[in-house]
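Take a look at the structure below.

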Amino acid sequence: MDAIQHIIIDHTLERISDAAFADYLCHAYCHGGHCTFHRNGQEFRFESGDCMIIPRRGDLVKDVNESEDFRVDVIYVTQQFIEISTPQSNYGMRGHLSLFQNPIMKLTAEQQEVCKMNFDAVKRRLAQTDHHFRHDALMNAVECMIIDFFDFHAKLYGADKITSQQHQLMEQFIDMLERGDFRNNREISYYADKLCVTTKYLSEVSKRVSGLPAAFWITRYASLDISRLLRNRNLTFTDISDMFGFSSLSHFSRYVQTNLGAKPSDFRE
């Protein structure tokens with residue numbers, strides 16, 4: 001995997017909605033000035049000291065308006081690279097739900113320094129083209145950035161509970177995924193039955209609350225877990241396939257190829 005294709009540095013948000021970035025997550029830190037934009041029918045103001053995470057589908061960001069003194073660092077990372085760099089935590093799943101509602105986090109002075117340090121580390125590793133272990137170094141730098149984003153978010157929102165009925169249903173759905181139901185149940189109907197709703201309603205609620213259908217979250221949890229297990233050389237591909245109840249090793253391989261964009265063996269090269 002060539003990391004240059006998976007991480008792109010920019011210094012403006014004007015290209016966030018370009019089709020070329022459709023599969024990238026946008027991570028931004030504002031050094032000065034401000035920028036306004038619309039997303040999901042809401043207007044947001046991104047200003048000095050803020051960090052921001054926009055999941056895939058940057059085309060949903062409209063009417064970007066940067067002030068003349070706006071200074072920003074932007075790091076675009078593909079979903080595929082995020083998958084292999086995500087730390088041993090599913091916190092990002094919950095974070096995504098609230099970031100869909102508000103992608104901006106206002107940081108303390110200490111958090112701002114941490115954020116700038118992490119952005120500099122990713123940029124420095126990306127520039128080290130002659131580093132023999134550049135790919136691994138980049139993975140570690142991105143992982144550190146994600147871990148600190150988790151920490152920022154948990155301190156801002158971690159203990160809060162969503163109160164509306166639809167948001168509560170989404171929380172119950174995510175709870176089922178967090179306890180590992182996805183290993184043997186990757187059909188929406190299973191979760192809908194357990195939650196006493198129709199598959200259509202669960203998908204509608206998921207899209208309304210998180211911006212993504214229920215099927216995305218099931219696949220996301222399964223893919224994240226599989227990618228971690230594939231990096232464990234003590235487990236055979238058959239072991240992992242059996243853990244997830246695949247009917248055959250070839251079925252497992254096709255699932256990995258489709259959802260992780262690589263063959264199982266690619267994770268061990």
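## Helices α5 and α8

In α5, Met 170, Phe 173, Ile 174, Leu 177 and Glu 178 meet Ala 214, Trp 217, Ile 218 and Tyr 221 of α8. Contact here means heavy atoms within 4.5 Å. By class, this contact has 8 nonpolar residues, no polar ones and 1 charged. Nonpolar covers Ala, Val, Leu, Ile, Met, Phe, Trp, Tyr, Cys and Pro; charged covers Asp, Glu, Lys and Arg; the others, Gly among them, are polar.

Two packed helices are described by the angle between their axes and the distance between the axes. Helix α5 (residues 165-178) and helix α8 (residues 214-230) pack at about 25°, with axes 10 Å apart. The two are therefore roughly parallel (angles under 35 degrees; over 145 is roughly antiparallel, 65 to 115 roughly perpendicular, the rest oblique). The crossing of α5 and α8 is right-handed.

## About the model

This is a predicted model, in which local features need pLDDT of at least 70 and side-chain atom pairs count only at pLDDT 80 or more, while totals for chains, interfaces and linings use all residues. Residues are numbered from 1 along each chain as its sequence is written, and side-chain values use heavy atoms, leaving out hydrogens and water. Helices (H or I, at least four residues) and strands (E, at least two) are DSSP runs, numbered from the N terminus.

## Helices α8 and α10

How do the axes of α8 and α10 cross, and within what distance do they come? They cross at roughly 110° and come within 11 Å. So α8 and α10 are roughly perpendicular to each other. Their crossing is left-handed.

From α8, the contact uses Thr 219, Ala 222, Ser 223, Ile 226, Ser 227 and Leu 230. From α10, it uses Phe 252, Tyr 255, Val 256, Asn 259 and Leu 260. By class, that contact has 7 nonpolar, 4 polar and no charged residues.

## Helix α4

Helix α4 (residues 134-157) has 24 residues. From first C-alpha to last, α4 reaches 34 Å, close to the 34 Å expected at 1.5 Å a residue. Its buried residues (under 20% relative accessible area; exposed is over 50%, partly exposed in between) include Arg 134, Leu 138, Phe 149 and His 153.

Asp 63 sits in strand β6 (residues 62-66). Its phi is near 55°, a positive value in a residue other than glycine. Asp 63 is exposed, with a relative accessible area of 55%.

Cys 196 lies in the loop between α6 (188-194) and α7 (199-210). Phi of Cys 196 is near 60°, again positive in a residue other than glycine. Cys 196 counts as exposed, at 70% relative accessibility.

Notes: Buried means under 20% relative accessible area, exposed over 50%, partly exposed in between (1.4 Å probe, protein chains only). Axes are lines fitted to C-alpha atoms, for helices over the stretch in contact, and angles run from 0 to 180 degrees between N-to-C directions. A crossing is left-handed if the near helix is turned anticlockwise from the far one by less than a right angle, and right-handed if clockwise. The expected span of a helix is 1.5 Å times one less than its number of residues.
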